[in-house]
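Please have the sequence and the model open.

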Amino acid sequence: MESGWMTVTKFEIALVFVTRVPVGVKVDDKGRVEVNDHFQTNFPNIYAIGDVIRGPMLAHKAEEEGIAVAEYINNGTGHVNYKAIPSVIYTHPEVAWVGSTEEELQQQGIKYKVGKFPFMGNSRARTNADAEGWVKFLSDATTDRVLGVHIIGPNAGELISECTLAIEYGASSEDIARTCHAHPTLSEAVKEAALATFDKPIHF
């Protein structure tokens, strides 16, 4: 209804967004707060993490940065391994990845191996009638160290955690392939893709 110059509309839910501007803190050309390796701004006693600084806008990235800042303030050390920050797209099928892509490895001149396994070859996925997608490993051609993992398929966002751990601790694809995975589970597709990287999969 209208009352003079004012229009009144009724809603069940209202989303209120308040913008904040960092006064005096340096920002880059994209409006992100500039920080050093310890997440300090141009004011040493002001720190910034998460969506307001460079990098992907992920809650779990911000959490790791927050922990690193707390550690730095407490004891002078704090570190985030950005190669071991997973990304997930919550679609159906889900998409998840961690580490490098093939394009990035090619640009860096790093020789690598590829191992891939489809969920169609996974008994749990087929039983659930949700077998679209695959798991792909990228590992160093010489050392077999896991450099990147990409998953499209059921529960990809859950399965990527094992792969993130592998990158964090410098594991090889053979390390994962030789680790027992419960049967029948979707995680067996991760094992099979790792097998395909250093040798060959069993069930496809």
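Which residue forms a salt bridge with Asp 144? The partner is Lys 113, and the closest N and O atoms of the two are 3.3 Å apart. The model is predicted, and a search of the whole structure finds five salt bridges. Side chains of opposite charge can pair when their charged atoms come close.

**Asp 144 and Lys 113**
- Asp 144 is buried, because its relative accessible area is 8% and the cut-off for buried is under 20%.
- Lys 113 is partly exposed, at 25% relative accessibility.

**Glu 102 and Lys 136**
- Glu 102 and Lys 136 form a salt bridge in which the closest N and O atoms are 2.9 Å apart.
- This pair links distant parts of the chain, with Glu 102 in helix H2 (residues 102-107) and Lys 136 in strand S6 (residues 134-140), 34 residues apart.
- Glu 102 has a relative accessible area of 22% and is partly exposed, whereas Lys 136, at 15% relative accessibility, counts as buried.

**Arg 32 and Asp 28**
- A salt bridge joins the side chains of Arg 32 and Asp 28, with an N to O distance of 2.8 Å.
- Arg 32 counts as partly exposed, with 26% relative accessibility.

Terms used:
Residues are numbered from 1 along each chain as its sequence is written. This is a predicted model: local features need pLDDT of at least 70, side-chain atom pairs count only at pLDDT 80 or more; totals for chains, interfaces and linings use all residues. Side-chain values use heavy atoms; hydrogens and water are left out. A salt bridge is a side-chain nitrogen of Lys or Arg within 4 Å of a carboxyl oxygen of Asp or Glu. Buried means under 20% relative accessible area, exposed over 50%, partly exposed in between (1.4 Å probe, protein chains only). Helices (H or I, at least four residues) and strands (E, at least two) are DSSP runs, numbered from the N terminus.
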